[in-house]
Amino acid sequence: MLHRPDLAAGPPKSYALAKDLQNCIAPAAEAFCLPPQCYAEEAVLQAEIETFFRRKWIGIGHSGRFKAAGDYEALEVGGVPLIVIRGKDGVLRAFANSCRHRGARLLDGEGNCRNIRCPFHSWGYKLDGRLIGVPHMEDAAGFDKADYGLTAFRAAELGGFAFVCLNDATPSLSEEFGNFAKIHSPWPLNNLVPTRRHSFEVRCNWKSFLDVFNEYYHLPYVHRDSIDGVYNRPEVASPARGAYASQFGATDGTGGLLEHQQDHALPAMSGLEDAASKGVRYTWLFPNMTFAAASDSLWIYEANPIDARSCRVTQTICFPQEVTEWPDFEARAKHYYHRLDAAIAEDIPVLENQQRGLNSPFAVQGRFSPHLEANVAAFAKWYAGEMLAADHALSNAATMASGASS
Ligand code: FES
Ligand SMILES: [Fe+2]
């Protein structure tokens with residue numbers, strides 16, 4: 001039967017959303033795709049910010065860029081300005097990027113600093129967040145510097161990746177990502193060095209970008225002359241325990257190069273086992289970070305919402321330390337950068353076109369090709385479960401209405 005929303009009834013209501021999300025909680029062969037409203041409506045994005053971006057571990061790329069004490073990056077997670085910075089004790093920390101005096105943003109961009117000094121009235125903080133320098137505060141009654149350290153959030157590292165979490169009650173990173181370390185143990189992820197990192201905007205929902213990166217289905221149609229010939233049919237999805245999905249697929253040559261540039265291939269990472277060195281592992285750390293671990297390189301994408309219909313994507317590519325020290329490394333790496341840029345240039349028009357279709361009030365949820373969209377189905381299942389369980393306005397309204405209508 002043709003499933004078509006009744007336009008006269010107005011935009012899709014939360015009760016329908018709850019029912020549609022339930023349809024995603026099933027094995028890939030039976031599950032429905034996420035409801036189109038989840039890719040197009042601001043109310044859903046607000047619920048996602050509460051459920052995911054302010055509550056879960058949010059991936060911020062490879063931790064190799066925070067190498068030395070004082071290496072920092074100012075970024076935003078769930079609309080909250082943060083500083084992520086490596087301490088003198090080697091610990092990676094996250095702080096609110098808001099001065100404890102009158103709230104000014106303390107740092108911008110990325111770099112290295114010995115202390116954190118506010119550009120407004122020069123309050124100074126140590127790398128561990130303690131307030132150390134405060135000019136002209138002698139007359140402030142009862143003022144104790146020890147009470148005015150930076151507001152701290154959780155930061156942690158796992159397998160060479162860095163994460164922050166705004167919620168103290170969320171389980172630890174290793175609990176959240178279960179057997180991630182075991183599944184990825186063949187790759188020396190910790191020893192890789194990020195050599196290029198840049199951000200760009202895509203006019204699609206943040207989840208669509210992560211979806212397309214994780215599925216093999218579109219390769220022959222979208223990447224026919226660029227990379228499709230490199231990829232074989234993937235293996236069955238890996239038995240991931242925790243908030244991630246992963247699927248390995250064999251390749252002819254390296255997934256890091258275009259099919260007609262394979263003669264520029266770099267050697268496999270040292271210590272990589274035979275099977276792992278002949279393919280690419282595609283992994284999605286829910287909700288917002290995904291990567292491909294190839295034999296010779298690793299490329300990572302973080303996708304963060306700008307609004308419901310556009311996102312900011314940050315791409316990082318990493319190589320083994322020893323390869324980055326080769327005199328001709330930059331020339332060799334260019335071919336890898338070119339392959340990523342070429343694939344993204346093919347994906348973006350498809351994503352922006354998909355977004356226009358998803359925006360339609362007549363868009364309804366579809367079905368997955370179970371094997372070729374295994375990671376996408378696993379994410380949809382996790383997302384739906386979390387959204388339905390979360391205590392936010394959308395799920396409260398959804399649950400009540402769905403109870404009333406059944
Ligand atoms: S706002 Fe930072 S020192 Fe005044
Ligand atoms: Fe693609």
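How much area do domain 1 and domain 2 bury between them? In this predicted model, the two domains bury about 1,100 Å², with 67% of it on carbon and sulfur atoms. Domain 1 covers residues 58-173 and domain 2 covers residues 187-379, according to the domain assignment of the chain. Their centres, taken over C-alpha atoms, lie 31 Å apart. Domain 1 brings 13 residues to the contact, and domain 2 brings 15.

Strand S10 (161-165) and S1 each supply at least two residues of the side of domain 1 that touches domain 2. S1 gives the most to that side, with 5 residues. The rule finds 1 salt bridge across the interface. A salt bridge joins the side chains of Arg197 and Glu73, at 3.4 Å from N to O.

Glu73 also has a place in the strand pairing, where this residue stands opposite Val84 in S3. Strand S2 (residues 71-77) and strand S3 (residues 80-86) run antiparallel and are joined by 6 bridges. An open sheet of 7 strands takes in both, in the order S1-S10-S9-S4-S3-S2-S5. The pairing is antiparallel. Strand S1 (58-62) and strand S5 (110-112) form the edges, each pairing on one side only. On average, neighbouring strands of this sheet are turned by 25° against each other, direction ignored. Edge strand S1 is thus placed in both accounts: S1 pairs on one side only, and S1 gives 5 residues to the side of domain 1 that touches domain 2.

Technical notes. Residues are numbered from 1 along each chain as its sequence is written. Chains are lettered from A and ligands numbered from 1 in the order in which they are written. This is a predicted model: local features need pLDDT of at least 70, side-chain atom pairs count only at pLDDT 80 or more; totals for chains, interfaces and linings use all residues. Side-chain values use heavy atoms; hydrogens and water are left out. Two strands pair if DSSP finds at least two bridges between them. Helices (H or I, at least four residues) and strands (E, at least two) are DSSP runs, numbered from the N terminus. Axes are lines fitted to C-alpha atoms, for helices over the stretch in contact, and angles run from 0 to 180 degrees between N-to-C directions. Domain bounds come from an automatic or database domain assignment. Contact means heavy atoms within 4.5 Å. Buried area is the accessible area (1.4 Å probe) that two parts lose on being put together, summed over both. A salt bridge is a side-chain nitrogen of Lys or Arg within 4 Å of a carboxyl oxygen of Asp or Glu.
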